[in-house]
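Here are a few exercises to work through with the model open beside you. Try each task before you read its solution.

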Amino acid sequence: MKWFVADSVFDSIRPVYRAGKLIGIFTHTIDFRRQMFLTNSRDQVLLVVAILMDVYALTVSTRTSYSFSNSILLNVGIFCSVNLGIIISLSVSLCNRLVVGRMFRLFNTLDHVDQILVSYGYRLNHQLNHLLSCIYMVAPILINFLMMISTFFIAHDQATEQFTAVEIIVFLRSSLVFTIYGSYICVTLTSIYMRFRGLNKVISNQFPMSTIATDPYKSRITPVADGVATVRCIGDMHEKLSESIVDFNYCFALQILLMMASAFGYTLFSIFGIIHALSQPEQDASHQVSMNNMVYGCIYLSFIIQVVVAGSLVTKECKRTVISVHKAICYGYYDVVILRQIKFLSQQLHSIAPRISCLLFDFEWPFLISVAATLVMHVVILVQFDLSIIANKV
């Protein structure tokens with residue numbers, strides 16, 4: 001199938017990149033045939049249109065009354081979370097325009113790593129990566145359109161009936177910016193992870209990893225020049241992949257931090273809205289609105305989970321590289337020159353240990369537990385405030 005033909009990392013990111021460019025997330029053009037990026041007059045116009053749409057959405061949102069519940073805490077929380085999401089949509093296009101060169105260098109570095117891996121007999125499945133990119137692209141688009149139909153055309157309430165068709169479109173675009181850009185981030189992290197996994201596979205193929213599975217004396221058969229060249233290539237690949245992590249943090253850290261803050265806030269007040277709606281004896285339109293908000297909250301919460309899981313996998317493979325090199329030192333017998341080169345590589349791995357982060361937090365498994373604990377704690381605090389307000393009214 002021609003749609004899934006891909007020969008490089010640039011081809012694998014093409015679907016989600018084009019979806020992002022269609023809604024103004026990316027205001028630069030990637031030439032996939034020549035593997036270079038450029039900026040033309042259409043990109044300039046796209047940037048201006050994207051900014052105007054976000055400014056218009058923010059203007060409409062700030063003057064809209066989100067009074068779909070009798071809880072002031074809930075109305076204010078949803079109002080702030082929605083406006084923060086629109087501000088993030090505005091900042092994403094501007095930030096991507098500023099870091100476009102470094103973002104392209106990230107994928108160019110991954111492409112160079114692919115070429116080195118191929119020379120050692122390890123070929124990545126770019127078609128599978130392209131398919132994953134298509135899934136990452138289609139899933140948020142379908143979910144957003146289904147939620148838009150449910151919110152604005154099925155669930156009739158006062159909060160949604162006040163929007164015109166143009167306003168619905170700009171709000172839909174802001175939601176798509178959040179989800180599609182989140183998919184682009186996950187695709188990028190997956191690309192880095194698969195290169196680290198390929199590097200570790202090459203190390204395990206070139207050097208003994210144990211005294212049982214392989215012959216520890218096979219490394220002595222390798223010519224000294226070839227052994228030194230292999231170790232240097234491994235060091236070069238690790239350095240390039242480490243640079244790609246640094247570039248990723250530089251290009252995406254601020255946006256991820258803001259998106260996580262918005263996702264956390266919206267999820268928090270969505271859960272609180274469900275609890276508040278279920279505590280009311282009468283059934284009204286606010287119950288359906290709370291359910292819709294909860295679905296949106298789950299979508300935004302899934303962004304936090306996906307990014308943290310993907311970042312944790314990258315960090316795990318990066319640490320595994322260090323383990324593989326030290327296993328090669330322990331279980332192999334080498335010429336003095338090769339052994340000295342491997343020790344230099346070990347020092348490099350010790351001094352260069354980048355992590356996926358969002359300026360404040362490293363993305364590792366314990367971070368998910370911290371997010372869940374903080375979410376539960378704030379829900380309890382909001383419920384207690386809500387109960388005190390109800391008691392004062394009585």
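This is a predicted model: local features need pLDDT of at least 70, side-chain atom pairs count only at pLDDT 80 or more; totals for chains, interfaces and linings use all residues.

**Exercise 1. How far apart are the end C-alpha atoms of residues 250–274, and how much of the span is helix?**

Step 1: the end C-alpha atoms of residues 250–274 sit 37 Å apart. Step 2: the secondary structure of that span comes out as 100% helix and 0% strand, where helices (H or I, at least four residues) and strands (E, at least two) are DSSP runs, numbered from the N terminus. Step 3: look at the record, where UniProt (unreviewed entry) puts "transmembrane region" at residues 45–66, 72–95, 131–155, 175–194, 250–274, 294–314 and 365–385. UniProt positions follow the numbering used here, feature names are shortened, and annotations may be inferred rather than shown by experiment.

Residues are numbered from 1 along each chain as its sequence is written, and side-chain values use heavy atoms, with hydrogens and water left out.

**Exercise 2. Check the span of helix H8 (residues 165–206) against 1.5 Å a residue.**

Step 1: the expected span of a helix is 1.5 Å times one less than its number of residues. Step 2: H8 has 42 residues, so it should span 62 Å. Step 3: its end C-alpha atoms are 61 Å apart, which agrees. Step 4: for cover, 33 of the 42 residues of H8 are buried (buried means under 20% relative accessible area, exposed over 50%, partly exposed in between, with a 1.4 Å probe and protein chains only).

**Exercise 3. Which residues share salt bridges in one network?**

Step 1: take the rule, a side-chain nitrogen of Lys or Arg within 4 Å of a carboxyl oxygen of Asp or Glu. By it, the count is nine salt bridges. Step 2: Arg-102 and Asp-247 make one of them, at 2.7 Å from N to O. Arg-102 belongs to helix H5 (residues 100–119) and Asp-247 to helix H10 (residues 224–279), so this pair ties together parts 145 residues apart in sequence. Step 3: Arg-105 also bridges to Asp-247, with the closest N and O atoms 2.7 Å apart. Arg-105 is in helix H5 and Asp-247 in helix H10, so here the parts tied together are 142 residues apart in sequence. Step 4: compare the cover. Asp-247 is buried at 1% relative accessible area, while Arg-102 is partly exposed at 26% and Arg-105 partly exposed at 43%. Arg-320 bridges to Glu-317, the closest N and O atoms being 3.6 Å apart; both lie in helix H11 (residues 285–331), three residues apart, about one turn of the helix. Arg-320 is partly exposed at 42%, whereas Glu-317 is buried at 5%. Step 6: the shared partners join Arg-102, Arg-105 and Asp-247 into one network.

**Exercise 4. How many disulfides does the structure hold?**

Step 1: look for cysteine sulfur atoms within 2.5 Å of each other. Step 2: the tally is zero disulfides.
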